[in-house]
Amino acid sequence: MKKGYLQVYTGDGKGKTTAAIGLAVRAMGAGMKVLFAQFLKKGDFSEINALRRFGDQIKIFQFGSGKFVRGRPKSADFQRARQGLKDIEKYMSSGRYDLVVLDEANVALHLGLLSLEDMLCFITKRPPGVELVLTGRNAPEEIKNAADLVSECRLVKHYFSQGIKARIGIEK
Ligand code: ATP
Ligand code: MG
């Protein structure tokens with residue numbers, strides 16, 4: 001691509017991560033190469049199993065610990081997120097990738113696991129042809145300002161409020 005844009009999927013309703021997965025699938029259908037990284041997540045999320053089937057068209061990373069970050073993040077959480085962003089920067093600079101997805105990056109920013117300065121620097125320094133997608137609720141204003149596209153998934157109704165936790169194949 002000549003010019004890649006910055007897209008942000010945020011809000012408290014369902015659909016942010018699945019929109020990014022959908023975009024990754026569409027891009028690969030067009031022969032594009034994808035870097036797909038998940039902050040705060042680790043393990044057998046079904047999307048990872050599905051995306052692996054695309055072989056070397058996609059490079060997948062997970063920077064979570066496998067545990068939900070509750071309350072104050074631990075120093076290892078900061079370390080993993082920061083090192084993760086550096087790793088992505090290195091792969092991205094190869095020029096091999098057309099689409100870079102940073103799933104739950106907005107949450108990592110909101111929790112302070114990633115600094116706003118580092119992320120804004122990452123955004124500016126990316127190769128001009130890279131389409132970049134940041135997902136997650138509570139996207140900081142500065143990130144929304146830097147974006148070319150911001151979509152908000154607004155919570156109208158969610159079965160979570162009835163106690164229905166994330167289900168395999170539907171939410172994870
Ligand atoms: P999807 O991955 O289905 O596209 P999403 O990326 O938009 O959803 P996230 O904000 O990343 O959703 O939410 C992750 C999980 O948090 C959901 O799968 C759900 O189980 C749970 N969840 C949903 N609503 C709430 C809520 N109001 N408060 C806390 N957790 C919620
Ligand atoms: Mg999500």
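Is Leu 40 buried, partly exposed or exposed, and what is its relative accessibility? Leu 40 counts as partly exposed because its relative accessibility is 22%, and buried means under 20%. The model is predicted. Two ligands feature in this briefing: ligand 1 and a magnesium ion, ligand 2.

**The magnesium site**
- Thr 17 (OG1) and Glu 104 (OE) coordinate the magnesium ion at 2.0 to 2.1 Å.
- Thr 17 belongs to helix H1 (residues 16-29), while Glu 104 sits in the loop between strand S4 (99-103) and helix H4 (105-110), so the pair ties together parts 87 residues apart in sequence.
- Both Thr 17 and Glu 104 are buried.

**Ligand 1 and its surroundings**
- The space that ligand 1 takes is the largest pocket.
- Residues around ligand 1 include Gly 13, Lys 14, Gly 15, Arg 137, His 158 and Phe 160.
- The side chain of Lys 16 places an N or O atom 2.7 Å from an oxygen atom of ligand 1.
- Thr 17 has a polar side-chain atom 2.9 Å from an oxygen atom of ligand 1.
- Glu 104 also has a polar side-chain atom 2.9 Å from an oxygen atom of ligand 1.
- On its own, ligand 1 has 630 Å² of accessible area, and the protein covers 76% of that.

**Backbone with positive phi**
- Leu 40 is not a glycine, yet its phi is positive, at about 65 degrees.
- Leu 40 lies in the loop between strand S2 (34-38) and helix H2 (46-52).
- Glu 104 is likewise a residue other than glycine with a positive phi, near 65 degrees.
- Glu 104 counts as buried because its relative accessibility is 15%.

Definitions and conventions
Residues numbered from 1 in each chain as written. Chains lettered and ligands numbered in written order. Predicted model: local features only at pLDDT ≥ 70, side-chain atom pairs only at ≥ 80, totals over all residues. Heavy atoms only, no water. Donors = N, O, S within 2.8 Å, 3.2 Å for Na, K, Ca; no water. Helix = DSSP H or I, 4+ residues; strand = E, 2+ residues; numbered from the N terminus. Buried < 20%, exposed > 50% of the residue type's maximum accessible area, 1.4 Å probe, protein only. Near = heavy atom within 4 Å. Polar contact = N/O pair within 3.5 Å; in protein donor to acceptor, adjacent residues only side chain to side chain. Areas by Shrake-Rupley, 256 points an atom, 1.4 Å probe, with all protein chains shown as cover. 1 Å grid on protein atoms, 1.4 Å probe; cavity = no way out; pocket = protein on both sides within 12 Å on 5 of 7 lines; lining within 4 Å. Sits in = over half its atoms within 2 Å of the grid points.
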